[in-house]
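Look at the model first. Then work through the questions and answers.

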Amino acid sequence: MSAAKSRSGFDIQLPRSLKAERRDDIGILSLARPEKRNAIDDPTVLGIETFFASLPEGIKAVVVRGEGEHFCSGLDLGELTARNIPQGIAHSRNWHRAFERIEFGKVPVVAVLHGAVVGGGLEIAAACHIRVAETSAYYALPEGSRGIFVGGGGAVRLPRLIGTARMTDMMLTGRTYGAEEGQAIGLSHYLVAPGAGLAKGIELAERIAGNAPMTNFAVMQVLPRIAESDPATGYLTEALISAIAQGDDEAKERLKAFLEKRAPKTLRN
Ligand code: 1HE
């Protein structure tokens, strides 16, 4: 374990496989085990949970990236053989807890993807709110060929992103998607040149950080729940959260700024 505070601005202990860095109100979490292609072992999962559970005040968005040639090769397969069934269930539940901290944590998270985004790596990416892919990125679910199944929330999140049929194909046939195909089917939101992902991720995180906090809260916490509700519950919840958001002082100031021509117009960017 290494203390992260003095160098990075984060007062937490992280395993060596993770590095945290603060750039003003943006946190950057790097998967930092490139010699194992950022394979995720138990300390890394716990470290991800700790990082997102203990984000300091003032961090308004986070970027997750991988060091080396690949974003993440998924579960550390070396650990797998040692587990029995109850331990396997507990292990999967650890991943669920950690990635829940990403999806329903304090701030929006931008994933910057390159190289292999496979297995558990794709599951982390799916838990993030925005995905930026470099053209080197490719996506796979090798669980099928390894005789196992996804265990990091992929069975819930990936069908919502790309559909059950595509996920079935990836798992049964080992089909991979390249970066352009991934962009076309909705795995990534943005596609950028090799090496340009981090800058794009930070640019997007800064934009997110500039939103009213209530808007980010509503988009992260309420929108996914509305999307999963029956329409009547969804409309009611939407009415409630939109009234709460617009009642906040920040919203009032932003609307006033627009009416007084002090705020930017909504132009094509
Ligand atoms: C690993 C892992 C790993 C690399 N666990 N050690 N994931 C997979 O099935 C993908 C497995 N990995 C690969 O297919 C390849 O490593 C890559 C395509 C990602 C990269 O290839 P390459 O040629 O750049 O690297 P490499 O030579 O294969 O790997 C370098 C080292 O990393 C090597 O160890 P070394 O001691 O021989 O140097 C590899 O063994 C090691 N390594 N990937 C352990 N994943 C919650 S459930 C989630 C379930 C899953 O994620 S299943 C999918 C697992």
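Buried means under 20% relative accessible area, exposed means over 50%, and partly exposed lies in between (1.4 Å probe, protein chains only). This is a predicted model, where local features need pLDDT of at least 70, side-chain atom pairs count only at pLDDT 80 or more, and totals for chains, interfaces and linings use all residues. Residues are numbered from 1 along each chain as its sequence is written, and side-chain values use heavy atoms, leaving out hydrogens and water.

Q: How many residues of strand β5 are buried?
A: Strands (E, at least two residues) and helices (H or I, at least four) are DSSP runs, numbered from the N terminus. Strand β5 spans residues 61–66 and is mostly covered. Its buried residues number five of six.

Q: Which residue in β5 stands opposite Ile26?
A: Two strands pair if DSSP finds at least two bridges between them. β4 (residues 26–31) and β5 pair in the parallel sense over six bridges. Opposite Ile26 stands Ala61.

Q: How far apart in sequence are the parts that Asp76 and Arg33 tie together?
A: A salt bridge puts a side-chain nitrogen of Lys or Arg within 4 Å of a carboxyl oxygen of Asp or Glu. Asp76 and Arg33 form one, with the closest N and O atoms 2.9 Å apart. Asp76 lies in the loop between β5 and α3, and Arg33 in the loop between β4 and α2, so the parts they tie together are separated by 43 residues.

Q: What is the relative accessible area of Glu253?
A: Glu253 forms a salt bridge with Arg262, the closest N and O atoms being 3.3 Å apart. Glu253 counts as partly exposed, because its relative accessible area is 37%.
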